[in-house]
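Here is a short briefing on one protein. Look over the sequence and the fold, then read on.

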Amino acid sequence: MPKIRIGLIGYGGIGRVHAAAYRAIPFHYGLRADSIEIAGVATTRQETAKRAAQEIGCAFFTDDYRELLRRADIDAIDICTPNNSHHDIVLAAAEAGLHIYCEKPLALNVAEAASMAQAVRAASLKGQVTFNFRFFPAVMRAKQLVDAGFLGRVFSFRGRYHRSSYIEGDKPISWRLQREVTGGGALFDLGSHILDLLYFVLGEFDSVYGTLDTLIKERPVTKGSAERAPVEVDDIALLHARTVDGTLGTVEISRMGTGATNDLSFEIFGQGGAIRFDLSDPAWLYVYDAREAEGPLGAERGFRKIEAVSRYDGQRAPDWTMTPDFMRAHAECQYQFIRSIWDDAATAPSFDDGAHVQKIMAAAERASEQGGWVSLSAVE
């Protein structure tokens, strides 16, 4: 396969994760060490760009991402910047003829997401969104079971994503709490992930009813400062949602989940069975088969564990028996983006998928403001 040369834009915590994952991909799949290269990195300051280049091991660094877009030795860009910059970078990259891998959520709003998806389509480029939680084998197995009709008629679903990242009232204001930078709060930050998982497994959403709330309304402008600034986004979002086939479910999203480090899970209940996934137990999918015979003390009925573990197609290392983790899921998501370029295949999750999740979130915000169900077809 020809070498793919990545231009990495942004190098905060998630930028480091992406850089580490690109380096790991050849080991996972037995590729040449130089098959994927980060050829340049851009941050907002020259000194941080230089440090990033030193960590990554690339020669080129800049404080202007446009310089990356003009380079002949870049095939694709990876966007790890705050949400309000995604739109302009994507449009500029599409104009430059570069494939695009973009962190979630795709955009600040539905209109931006739609224009980004259109720009990638019009330029015949590959565009993929970083919904890495799709790439746990147990989640992929859940989708296989739903698609194969194992659940029969799906009755309902439940999803949750809780973290405790903002429970301290003296935690200072950051870009994640400023609407003009992030577009939304817990709903955008965490909700985009769990909503995408449910969309991935169950299909498109039709309408949403929800309540969003800001539990800590002011925070220090800097650590220890007496000066305070308003929190402009939600801390918690509680949703009812309905898919296009009429299935009703609930979704809980919170950055105020005391004691929750990274608590993501979903359950789907059907006439023929049920499935459960919990990120704290990522090697297994829990499956209940309602067709099992009943008997004394329940016979053999009950939830059983399916050993999804690390069953990645084509994986060379580690072997399939090893428990997958957050970094491995990122590497798989990025590998599938690279494969789409090599194979000239469709990306998944695509920018169109990202735009659909953007509509779900916009409908939830409007529902919270208006106090009723909102159809995705009504948001623009």
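What share of the accessible surface of the protein belongs to carbon and sulfur atoms? The answer is 49% of about 16,600 Å², with areas from the Shrake-Rupley method and a 1.4 Å probe, where for residues only the protein chains shown count as cover. This is a predicted model: local features need pLDDT of at least 70, side-chain atom pairs count only at pLDDT 80 or more, and totals for chains, interfaces and linings use all residues. Residues are numbered from 1 along each chain as its sequence is written, and side-chain values use heavy atoms, leaving out hydrogens and water.

**Overall form**
- The C-alpha trace spans about 70 × 55 × 40 Å along its principal axes.
- Buried residues (under 20% relative accessible area, 1.4 Å probe, protein chains only) make up 53% of the 380 residues.
- Take contacts (heavy atoms within 4.5 Å) between residues at least 6 apart in sequence: 70% of them join residues at least 24 apart.

**Strands and sheet**
- The protein has ten helices and 17 strands, which are DSSP runs numbered from the N terminus (helices: H or I, at least four residues; strands: E, at least two).
- Nine strands form an open, mixed sheet in the order β16-β15-β14-β13-β7-β12-β11-β8-β17; two strands pair if DSSP finds at least two bridges between them.
- β16 (304–306) and β17 (374–375) stand at the edges with a single partner strand each, so one side of each has no neighbour in the sheet.
- β8 (residues 205–213) and β11 (residues 236–243) pair in the antiparallel sense over eight bridges.
- Leu212 stands opposite Ala237 in β11.

Technical notes. Buried means under 20% relative accessible area, exposed over 50%, partly exposed in between (1.4 Å probe, protein chains only).
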